[in-house]
Amino acid sequence: MEVEPSRSSPTGMQFQKRDGQILLAIYNRDGVLSRRQLKAMFWPGKSWRAMEKRLGKLHQQQYLKWPSAEQRRSRPIPEPIVWLDWKGISWIAGQSGIQPHRPAVWNENQLRKLERQLRGRGIHWLREPRWAQLEHDLAVGDFRLSVEQAVEQYPAIRLETWVTETVFHANPDIVEYQSKGRGGILKRNTRRVCPDGYFTLIDGQRPASGQTARSRFLLEMDMATHDNPSFGQEKVLPGLAYLRSPAYRQHFGDNSGRWLVVTTGERRMQNLKRQAEAQAGRGAGAFYFTTLNRVRAETVLTQPIWWPAGADRPVPLFARSIEAAF
C-alpha cells in the first residue's frame, strides 16, 4: 500500500513526510515509544499541544494506537505511549514494496491475518506493547535516544547501525559455554543470546592514528527483575561466549565488542560487576556497567560513567578528544 504526501484522507488529513518518519521511528524501536520520546525526537522546542494535535490525527486515521481506558486501568503503563495501528504497519510494509490485503471491514480475524502475512515477509508488527516489560522497553528507547543525541554533538562520530531486540529474537543465536557446577565440576551449557540492542559507532578520526574506526556495543538493560546470582550464569558467561563465537563474527564481521550493562542503582551495579569479574576472569573487561540515572546525551559517550569489570574506576566510552577509551 502506497501513501503519497499529497493524498487526503476522508477527513482532510494530508500524510506528511514527518508522519512517515514517526511511523518508521516507532517500528525501528521495537514497536513502541512514549510520547515524551516522540516529543524529543520530532518536536524539540515546540509545544506539547502541537505534538498532541498531530498524533491525534494519526490516531484518528488508524496509523497509531494508544492505550484504551480498559488498558490504562489494568496494565502497568508508566507513562503515555503509542504504537502502530493497522494502517501504520501497512505503510511500513509499503516502504519495502509489500502491499498487504485490505478487506472491506477490519475485525480481529482480519487483523491476525495481516499480522501473519507481514511476519511471513519479515515485518514484525507489535499489535500491543509487551506490558510486563514495558518499562524495560522504554528504558532501551531512552538509551538509544541518548546515543543518537550524543553523536549529533560530535561530527567525527556517526551511528552506523542499530539492531533491535526484535531482530535477535526473530533469529536467535545459540552459544555453548562452560560453567562450574557443584563441587567445581565443569558442565557444558547452551543458551540463546538476545541482546537488548547492538550498535556500532564510527569515529572518523581514529584511522589517522592507526586505530580501528568502528566500535561495537551490545546492550543489556537490567531492570532488577532477576536475582543477582543468576546474572553471571545467564548473562556474563553466554555473553562472553557470544563475542567469541563464529555466529557473532558472521553477523557483524569481527569478534570485537563490549557489553554495556545499564541497571537501576549503584548497589546492584556493583553486585553485577563483581559477578562478571568472578565468572569471566580475564574476559570480564568486555563488560561495562552504569546506572540509568547516569545515562544522558551529555554523558553516555564522553563522561566517565562506565565501570569496566576488573577496573577500580569508571571511564568514558570515548575520551573527550573523541578517541576511543579502549
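These are my notebook entries on a predicted model of a single chain.

**Entry 1: overall make-up**

I began with the secondary structure and found 11 helices and 11 strands in the chain. The chain has 326 residues, and 50% of them count as buried. I then looked up the accessible surface, which comes to about 16,700 Å². Carbon and sulfur atoms account for 46% of that surface. For contacts, I took the pairs at least 6 apart in sequence; 61% of these join residues at least 24 apart.

**Entry 2: strand S8 and its partners**

Is strand S8 mostly covered or mostly open? I looked at residues 214-221 and found seven of the eight buried. Next I checked the pairing of S8. Strand S7, residues 197-203, is joined to S8 by six bridges, and the two run antiparallel. In that pair I noted Ile 202 opposite Arg 214 of S8. S8 also pairs with strand S9, residues 258-263, through five bridges, and this pair runs parallel. Here Glu 220 stands opposite Val 261 of S9.

**Entry 3: nonpolar cores**

Which residues touch the most other members of the largest nonpolar core? I found Tyr 242, Phe 287 and Phe 289, in a core of 29 residues. I listed the elements that give two or more residues to this core: strands S5 (173-180), S9 and S10 (287-291), and helices H9 (229-243), H10 (246-252) and H11 (266-280). H9 gives the most, with seven residues. Apart from this core I found another, of 28 residues, including Met 13, Ile 22, Ile 98 and Leu 111. As background, I noted that nonpolar side chains in soluble globular proteins tend to be buried together.

I went back to Phe 287 for its contacts, leaving aside neighbours within four places in sequence. The list holds Lys 235, Val 236, Gly 239 and Leu 240, then Trp 259 and Val 261, and finally Trp 307, Pro 308 and Ala 309. Val 261 had already come up in Entry 2, opposite Glu 220.

**Entry 4: second largest pocket**

I turned to the second largest pocket, which holds about 400 Å³ of space. Which of its lining residues lie nearest the centre? I noted Tyr 27, Asp 30, His 124, Thr 166 and Val 167, out of 18 lining residues. Helix H8, residues 165-170, gives the most to this lining, with five residues.

Technical notes: Residues numbered from 1 in each chain as written. Predicted model: local features only at pLDDT ≥ 70, side-chain atom pairs only at ≥ 80, totals over all residues. Heavy atoms only, no water. Helix = DSSP H or I, 4+ residues; strand = E, 2+ residues; numbered from the N terminus. Buried < 20%, exposed > 50% of the residue type's maximum accessible area, 1.4 Å probe, protein only. Contact = heavy atoms within 4.5 Å. Areas by Shrake-Rupley, 256 points an atom, 1.4 Å probe, with all protein chains shown as cover. Pairing = 2+ DSSP bridges. Core = buried A, V, L, I, M, F, W, Y, C linked by side-chain atoms within 4.5 Å. 1 Å grid on protein atoms, 1.4 Å probe; cavity = no way out; pocket = protein on both sides within 12 Å on 5 of 7 lines; lining within 4 Å. Points joined across faces, edges and corners; volume = space filled by probe spheres on them.
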